[in-house]
Amino acid sequence: MQYFPLFVDTKALSVLIVGAGEVASRKLALLARTEAIISIIAPVTTAEVDGFEAKGRINVMRRGASLEDMQGFDLIYLATADEQLNIDLAGAATQAGIWCNVVDNPKYCRFITPSIIDRGRLVVAISTAGAAPVFARSLRARLESWLPQSLAPLFDFVAQNRDKVQQNVVDAKDRRVLWEQFFELNGDRWDKNTQAHFQQAMAVSQTKTQCQGMLLLLDNHIAAQWLPLGVMPLFSQLDCIYSDITIAFELNELLRRDAERKAIPSFEQIRLNLARGERMLIVAGKAELAVLNAEFPQAQCIKAGSL
C-alpha cells in the first residue's frame, strides 16, 4: 500500500492553491466544501475563482508564485501550466516540511487526492495510486448510483442521537447491536419513519433481551476469492475470531478488524459465548471442523460459493 488513506480534520487547516486554471478550479470546488482556510496565488483567475472570492470564501493573490510563498501552509496544491515551476515550488515546500501535491505529476506529490463520493458525514474515497484514474472515476459513478442522497440527513440524525445512546446504553457491545438493529429497521432511508425506527431500536436495547449468538465455521483451505458474497455482512458483525493457525492475509482483510483474535476455546467456553450472544468465527482444518459441527449443529458452515 503506497498511499495510506487518511481523513483530515479541515478546521483551521490552511491550504494554498498555486494556479487558477481549469485543474486548479476543480481542486478549489472540492476544497471549498470543507472548513479549510483557502488561499490562491495566480496572475489571472477564472470566473469560478472570482465567485468564491466574492463570497469571502477564499483569499486571492493575483501575481506569480515564488519559492518564498511555500511557507506557513499545511497543504499546497501546485497547478500552474509551468511544469518546472511546479517542481521547483514542490522542492521548496518539501524543504519547509509542507505536504504538497503537484497536479498530474505523482513523482513530486507528498499526497494525492482520491476520487470522492460526498454524502455529508459519509465520505467514500477511491484511489488507484495514480495508476488508473479512469477506472476510479468509473467506480465512483457506480457507487454514486448505489448510495442515495438520503444518507446525508440520515447520518446527521445518527450523529445527533449518539450522545443519547451513550447515556442510555452503557455497554459498547450493546450500543453496537442497537445501531445494527436501527439500520436493519431503517435501511438507508431518511423519512417520517426514521425516528420511530430509532425509538424501536432503543426500546429493544433497554429490555436487555439477549441477542442470539452466532457461530461460523470456515475451512482454512478455502481461498478468500471463493467465499460467498452473502457471508460478508456476517464477517462485519464478528465479535471474536478463533484459530490455532495463521489466517491468510486475504481472508483477514475481509474480517472485522476490531474483532478479537484468539486460539480456539473449549466447547464449554463456546457454549457460554453463544449464550452471551457472541458472534464467532472459527477457522480450522476439515477434521476439527467436523467435530465442532457435530457438537454445535446450529453452526453455519461456510463453503466455497455458499453457506
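Biologist: Is Asp104 buried or exposed?

Modeller: Please bear in mind throughout that this is a predicted model. Asp104 counts as exposed, because its relative accessibility is 72%.

Biologist: Where does Asp104 lie?

Modeller: Asp104 lies in the loop that runs between strand S5 (99-102) and strand S6 (115-119). Its phi is positive, at about 65°, although Asp104 is not a glycine. The C-alpha atom of Asp104 is separated by 8.5 Å from that of Ala79, a residue 25 residues apart from it along the chain.

Biologist: And what is the phi of Ala12?

Modeller: Ala12 has a positive phi of about 70°, and it is not a glycine either. Ala12 is located in the segment before strand S1 (14-18). With a relative accessibility of 61%, Ala12 counts as exposed.

Biologist: Let us turn to the helices. At what angle do H5 and H7 pack?

Modeller: Helix H5 (residues 151-168) and helix H7 (residues 194-206) pack at about 25°, and their axes are 12 Å apart. H5 is therefore roughly parallel to H7. The crossing of H5 past H7 is right-handed.

Biologist: Which residues meet there?

Modeller: From H5, the residues are Leu154, Phe157, Asn161, Lys164, Val165 and Asn168. They meet Thr194, Gln195, Phe198, Gln199, Met202 and Gln206 of H7. Sorted by class, this contact of H5 with H7 holds five nonpolar, six polar and one charged residues.

Biologist: How does H5 pack with H6?

Modeller: H5 and helix H6 (residues 172-186) pack at an angle of about 145°, with 12 Å between their axes. H5 passes H6 in a right-handed crossing. On the H5 side the contact is made by Leu154, Phe155, Phe157, Val158, Asn161, Arg162, Val165 and Gln166. On the H6 side it is made by Arg175, Leu178, Trp179, Phe182, Phe183 and Asn186.

Biologist: How many of those are nonpolar?

Modeller: Nine residues in the contact of H5 with H6 are nonpolar, while three are polar and two are charged.

Biologist: A change of topic. Is Asp239 buried or exposed?

Modeller: Asp239 is buried, because its relative accessible area is 7% and the cut-off is under 20%. It sits in the loop between helix H8 (232-235) and strand S9 (240-243).

Biologist: Which side chain makes a polar contact with the side chain of Asp239?

Modeller: The side chain of Arg176 does so, at 2.3 Å.

Biologist: What else is in contact with Asp239?

Modeller: Neighbours within four places in sequence aside, Asp239 is in contact with Lys173, Arg176, Arg256, Ala259, Glu260, Gly277, Glu278 and Arg279.

Biologist: Lys173 is on that list. Which helix does Lys173 lie in?

Modeller: Lys173 lies in helix H6. Not counting residues up to four places away in sequence, Lys173 touches Asp239, Arg276, Gly277 and Glu278.

Biologist: What lies 3.3 Å from a polar atom of the Lys173 side chain?

Modeller: That is the backbone oxygen of Arg276.

How values were computed. Residues numbered from 1 in each chain as written. Predicted model: local features only at pLDDT ≥ 70, side-chain atom pairs only at ≥ 80, totals over all residues. Heavy atoms only, no water. Axes fitted to C-alpha atoms, helices over the stretch in contact; angles between N-to-C directions. Helix = DSSP H or I, 4+ residues; strand = E, 2+ residues; numbered from the N terminus. Parallel < 35°, antiparallel > 145°, perpendicular 65-115°, else oblique. Left-handed = near helix turned anticlockwise from the far one by under 90°. Contact = heavy atoms within 4.5 Å. Nonpolar A, V, L, I, M, F, W, Y, C, P; charged D, E, K, R; others polar. Buried < 20%, exposed > 50% of the residue type's maximum accessible area, 1.4 Å probe, protein only. Polar contact = N/O pair within 3.5 Å; in protein donor to acceptor, adjacent residues only side chain to side chain.
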